[in-house]
Number of protein chains: 2
Amino acid sequence: MRWSLETLGIMHSCYQEKFAVPRQPGLAPSAYATLELLPPYNLPECVDGLEGFSHLWISFIFHQNLAQGWKPKVRPPRLGGNKKVGVFASRSTFRPNGLGLSVVKLEGIDLNEGVKLHLSGADLIDGTPVVDIKPYIPWVDGKPEALAAWVAAPPELLKVSFQNTAELQLAAHSQGKRLKQLISEVLAQNPRPAYQKTDLARVYGVKLADLNVQFCYLADTSIEVVAIH
Amino acid sequence: MRWSLETLGIMHSCYQEKFAVPRQPGLAPSAYATLELLPPYNLPECVDGLEGFSHLWISFIFHQNLAQGWKPKVRPPRLGGNKKVGVFASRSTFRPNGLGLSVVKLEGIDLNEGVKLHLSGADLIDGTPVVDIKPYIPWVDGKPEALAAWVAAPPELLKVSFQNTAELQLAAHSQGKRLKQLISEVLAQNPRPAYQKTDLARVYGVKLADLNVQFCYLADTSIEVVAIH
């Protein structure tokens, strides 16, 4: 049995590439995104009443990963990237049907031309196709008693600092303050692949919003932003 | 853009028909279901480590509703069935792409022949095709601060009583005690369509597990089970 799903909307997001996207939603609350609904779903009627909800569930397709398919076992970053678990015991982005699910904060609804939902805390990369939007209902969706094995608590944050050059480059940007906060939240998640050892000599680059952020590790638990272009 | 999703598993559930299925998961915790994975997804490796999680997200297809399509506005039962809101501001089962999403409790994993997941608290009808399974992560998925407009709190429960005949019929059933609890939880949700007025003369019937349950309303807020076959 196969089911045909249509793209309802496209995510426009500060995450321009997969590298450094936080591994769960909500970890970088300053992350911003706009979900643009597509015809025939972009009628104001379709979102009437949505303004009464603070959070939404977004179901989407891991479209950049579909071609690579799936395997029965995956290596979750939280287990150091070297221990395997079943694909259904993980939220791996390489999974049967390639369905993603994220809870996001609804910041505003723009009905000027079609429908655009302004969101924060999302972990979807720019261009992600969205296949469903549902309101979050706290007494249904909240299970504070739930046990979650090796992901029982949020990951430890890295310390993030900025070299003077990077500080000056941010200060010259019209959105510098907001972007500094975003960069800090994203890099604190320890973006490098879990199986890689800390390489103090390596300079990483990541495209975030309209920036190209260059950073290096000062230690296993500390990152410094070197430059921003 | 269209995406082709495959059925990963089939839900075997105590809910034999749409009528009286609770309107959200978790409202009838005694509801039981077994999710049977289908080849090639029914390998024990695919669920390795899942036993460390107490709750799961199930993404599924509202397969009985697909043919009827969707409309931009729907009437949520919680608004009395006469006020309309946008389809994306509701969890209506008539929605673009027909995707459902429920958090369920994982009661056990049976690896004897393929993979079967024993679940409770589900709100899926028997035969529902499942398209994804993800572990529930409380610090990601729990948003106790979320605002949820007209669904800010669970619905008021009806009082449910059993006529002597029904009591005797349940006592004669090998699973009578468990089924009585299930019937009580399900009927307390006020199963009749929200737009219908209370009709004290009407006898309703619902297929639940292997039973045919007949009940009537004693008042707006009270139900009596008349007979069970």
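The model is predicted, and local features are taken only where pLDDT is at least 70, side-chain atom pairs count only at pLDDT 80 or more, and totals for chains, interfaces and linings use all residues. Residues are numbered from 1 along each chain as its sequence is written, while chains are lettered from A and ligands numbered from 1 in the order in which they are written. With pLDDT being the predictor's confidence in each residue, from 0 to 100, chain A averages 96, and 100% of its residues score at least 70. The model as a whole scores ipTM 0.96 and pTM 0.96.

When the copies are superposed by least squares on the C-alpha atoms of residues with pLDDT of at least 70 in both, chain B is laid on chain A with an RMSD of 0.0 Å by a turn of 180 degrees and a shift of 0.0 Å along the axis. The two copies are thus related as by a two-fold rotation axis. Their contact, in which residues count if their C-beta atoms, placed from the backbone, lie within 7 Å, takes 62 residues from chain B and 62 residues from chain A. Among the elements of chain B that give two or more residues to this side are β1 (2-6), β7 (99-110) and α1 (138-141), and β9(B) gives the most, with 6 residues. Because 100% of the interface residues of chain B are also interface residues in chain A, the copies meet through the same surface.

Helices (H or I, at least four residues) and strands (E, at least two) are DSSP runs numbered from the N terminus, and two strands pair if DSSP finds at least two bridges between them. In chain A, 4 strands form an open sheet of mixed pairing in the order β10-β13-β12-β11. Both β10 (159-162) and β11 (204-208) stand at the edges with a single partner strand each, so one side of each is left without a neighbour in the sheet. β11(A) pairs with β12 (residues 211-219) in the antiparallel sense over 5 bridges, and A:L208 has A:L211 of β12(A) as its bridge partner.

Technical notes:
Contact = placed C-beta atoms within 7 Å.
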